[in-house]
Amino acid sequence: TGPVARAGTARVRIRVEGIVQGVGFRPYVHALARRLALSGWVGNDGQGVFIEAEGPVEDLARFQRELPGQAPPLAVIDRISAMEIPALGARDDRGFGIAGSRDGGRATLISPDVATCADCLAELLDPACRRYRHPFVNCTNCGPRFTIVRDVPYDRRTTTMASFPMCDACAAEYRDPCDRRFHAQPVCCPDCGPALLLLDGRGRPKEGDPIREAGAVLRSGGVVAVKGLGGYHLAVDATRAAAVQALRARKGREDKPFAVVVADVAAARELCVVGPVAERLLTAPARPIVVLPRRAAGIAAPAVAVDPGTADPGTAAHPTTAKHADAETAGGMDTPVRIADAVAPGENRLGIMLPYTPVHHLLARELARPYVLTSGNISDEPIVYRDGEAVDRLGGLVDAFLVHDREIHARAEDSVVVLAGDREIPVRRSRGFAPRPLRLPRPVRRAVLACGAELKSTFCLAKGEHAFLSPHVGDLENYETLRAFTDGIAHFRRLFDVAPQVVAYDTHPEYLSTKYALDLPGVDLVAVQHHHAHIASCLADAGEEGPVIGVAFDGTGYGADGTLWGGEVLVADLAGFTRAAHLAAVPMPGGAAAVRQPWRMAVAHLDAAFDGAPPEGLAVRARNASQWDRVSAVARSGVNSPLTSSVGRLFDAVAAMCGFRDRVTFEGQAAVALEQRADLAEEGAYPVRVESAAPLLVRGDDLIRAVAADLLDGVDPGVVSARFHNGLVGATVAACVLVRDGAGTESGIGGETSSGIGSGIGTVALSGGVFQNGLLLGRLAGALEERGFRVLTHRRVPPNDGGISFGQAAVAAARDTADR
Amino acid sequence: LAHGAGGKATHTLIEAVFLEAFRNPLLEPLGDGAVTGTLALTTDAYVVRPLFFPGGDIGDLAVNGTVNDLAMCGATPRYLSAGFILEEGFPIADLRRITASMAAAARAAGVWIVTGDTKVVENGKADGCYITTAGVGTLDRGATLSAASVTPGDAVIVSGPIGEHGMTIMLARGELDLEAHLTSDTAPLHDLTARLLSACGGPTGGPTGGPISGAVRCLRDATRGGVATVLNELATASQVSIVLDENTIPIRPDVRGACELLGIDPLYVACEGRMIAVVAAGHADAALDALRAHPLGADAAIIGRAGDDPPGLVLLKTSFGGTRIVDLLVGDPLPRIC
Ligand SMILES: [Fe+3]
Ligand SMILES: [Mg+2]
Ligand SMILES: [Zn+2]
Ligand SMILES: [Zn+2]
């Protein structure tokens, strides 16, 4: 054709923002433009993807129409803006091209790490493929991202793949817009990529094929440290009780459940009930650990955790135990895989994960049975991710290291989702999810840093409409965790180009995150009450601003009156809250000791319910007879016995009374036992009074008296647990109805507006760590909906303290716009 | 309530109010006492409930506390003053008991109570009896002890089992049904400090007092806020880390049991006859020998080391191999567990 601009030709400049780098977006645009015979180009810069396209007006319109619709699976488009610019006509005769990356602003969004895709898995297992058994196979649709990114724009030179120059074959794939590996930054092959290496327990190289040798160590009952995407894991054969026990002993982890890796969904089905939702979660690109109900045949006998010698086996045995107690020895081909009891002691559910890197796939196939994969760390410290550190810190714990020479730049622990019925409960949002931005209901005026809580710590940076919630950091009282926290903030600030001017923090004076916030110079501080942050996180997770009736049930958080809250019904929006109702407070005898020893909460609640004289004959008292009166005296004296309205502590008390747990070794252990042992067929509910005061007082003493009476009558603890759950549901619904509708004709409360009672609000948000309890969450949500409430629950951000920083950011954003 | 618990709030109060108002070079280091030339001066107020407890009473506490503050400056205690604030109707018999134990404590410490004052306030105030004492001591050594002189590598020594006084007081209040056999550790430490200073090379400063640090960098009695608070002050003042080994910290079983029952960390419990000595690494063994040769230091132990990273923090290596931050408390400890 001649150099004449055709009639009806136009040119547009388009900007696409969101997660559009490292996800195959440019080849996608390239293919679309070519299909429509447009000319122009597409490129990356610090803000995302920029496009110039020229062609007939109707084709251009179609291009813009189709652009968002068929974007690659990993892309998340936040915004597309377009403006018309003068057509170049004959001056643009080179068709449609792909431009290189250029620096610019630094608002690019970094993709989370993505599990090996089906195409790459096929290559990994295909002997004819040049990447057969290549432990680093990846493409535009999968592979490491966040954990190897040092800086933006996302480009090979800014990742830890920079030290691996591509071979000619890989470079050709990388340059070919029609190839699956076009501009896949971590692309590599056996000739040019990182290599696996097996080391012995002291870090000395071992001979042989690393995968096969690692498999041999595992099969012989050894512990192998496996360098993964976001850190080092510890692996053992999940079917070998002795190996699992050895891992527990070495890691200092008494009975907190481990997750297991299985090769595929079929293998998962041998262990757990895997419905369509579970399958979707298990195979999602984020590949979280999914906590699923175990198949009956695999259930082990839950042991009652009480002082040795006082256990009452009558209440402990699970119905299916006896039949399978002897199955341990069976190993025939037809016998289903049996996970060692020590993997998840006493649990009727199991955390399962499918392989998410080629190394995990190869190991799963090598072993042909489930293996435990747990964070490589000591007790509650953050996952080890630096190579030197790994040998130092884990050397004493493992028999071999399966490592490689690609550096991990950022830590990311495995994410966890609990599936209760068809309800997904996010428990840890980390690898595969972070640092995908979460949209705030309203953009922040000035950049925000939210410092989170203390346990399950996360931080959150917010800029514009984006909240960048960090991966799981851990428990801040550990120095290594505090360092991970401060280093992580520095990394995120640089990566997302955020210079916080507003800093949000919890009001608990002793949280290390609080002290960190208060020490920051030159920023505006926003104090956010713990349970307000919980409710705000649930609201913002749902993209809403409130007002809402916020039910915040958790362990403990610092309350506005200096007591420890945790059984709260708030009337809240993002900017503020009123405490409309709460559980009646009891002392926590010995403070944190009462958290580690749930039976102490039984003492406190029984004393409160029976005026200091609980009935004789309760098993919990008999088991703890030597200390009972002392702990009761501690509570009465008030020495280190802060008052708490916590529902988590109420669960602890009832779990101890039922004989499930007197002592715990990890957070929520007693409450989980109570939930899991509940008799799901039981519909009875204990009565609970809600006293018309302002704030409303939910009387836990009714529950405790009813639990005690039933237990003394010999009612099965599983039935007691169900009635307790149902009673708490009833009380919470009653409180929410009063908060919505007011106290009616009763005393003069209805007219009060400052109390929040009679607010007319018809939406309830459920948040706080207690709502990891699927039974409570499901029944409460159902009962509230029956009473005409709209119910918001967590979808992306955990209801536990891992979501606090996100809630704080939302509150800070709301206050910073409201104030000015 | 938080102000006075010995934590961060007290520090903020002292720095914001008192240092601001009284600022001068002798006050500035905010030590247990002030030293000028060969003279050391200190003062302390005593408010304790109950007034009488196993192992002591407010009287010997008021003498020993001030004696110890002088001893921690490296001084030999000489003279004390005593001020009494008495609640109207306070039993004379109790007052006699208190003064008798003050006299005995002064005798044992080799100090004279040379002046005093008494005020009576109306009923319902002063919890029966408050006492303030001030003390003068003399330095016959030139060693300059300073919270700011801790150096990476130094050994951190505690002179005996910790937490006995604080737990004794807590149990003596009688609300806890606990038949533990605890007695307060209240004792004068000047003899112990004198032996320690001479064992670690004697005078090391110039005779007219150039501020030359000796092998003994610093002495502190672990009173309010306990060992944790003292170590935080040292770590901050010297910009060093202090890393403790949990297994080496001496704690009597009865104290440990009471702490477990109450959920209290013994590192934060007050002592009235225990001190922290920070000693140059090369002198640690000599220091330990000197302390252990004295009855009040029989159970002395090296509990940790100073390091250079992270500056200003106190860390505890736990028996599990973890590293817990031993932070300066803002107020009363509240559980941080969600
Ligand atoms: Fe919480
Ligand atoms: Mg003093
Ligand atoms: Zn792929
Ligand atoms: Zn290659």
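The notes below take the interface and then the metal site.

This is a predicted model, in which local features need pLDDT of at least 70 and side-chain atom pairs count only at pLDDT 80 or more, while totals for chains, interfaces and linings use all residues. Residues are numbered from 1 along each chain as its sequence is written, chains are lettered from A and ligands numbered from 1 in the order in which they are written, and side-chain values use heavy atoms, with hydrogens and water left out.

**Interface of chain B and chain A**

- Chain A brings 44 residues to the contact and chain B brings 34 residues, where contact means heavy atoms within 4.5 Å.
- About 3,300 Å² is buried between chain B and chain A, with 61% of it on carbon and sulfur atoms; buried area is the accessible area (1.4 Å probe) that two parts lose on being put together, summed over both.
- The two chains share 1 salt bridge, and A:Lys515 and B:Asp327 meet through their side chains in a salt bridge at 2.3 Å, N to O (a side-chain nitrogen of Lys or Arg within 4 Å of a carboxyl oxygen of Asp or Glu).

**Magnesium ion (ligand 2)**

- B:Asp44 (OD) and B:Asp69 (OD) are the protein donors of the magnesium ion, 2.2 to 2.6 Å from it; donors are N, O and S atoms within 2.8 Å of the metal (3.2 Å for Na, K and Ca), and water is not among the atoms, so sites may look incomplete.
- B:Asp44 is partly exposed at a relative accessible area of 30%, whereas B:Asp69 is buried at 5% (buried means under 20%, exposed over 50%, partly exposed in between, with a 1.4 Å probe and protein chains only).
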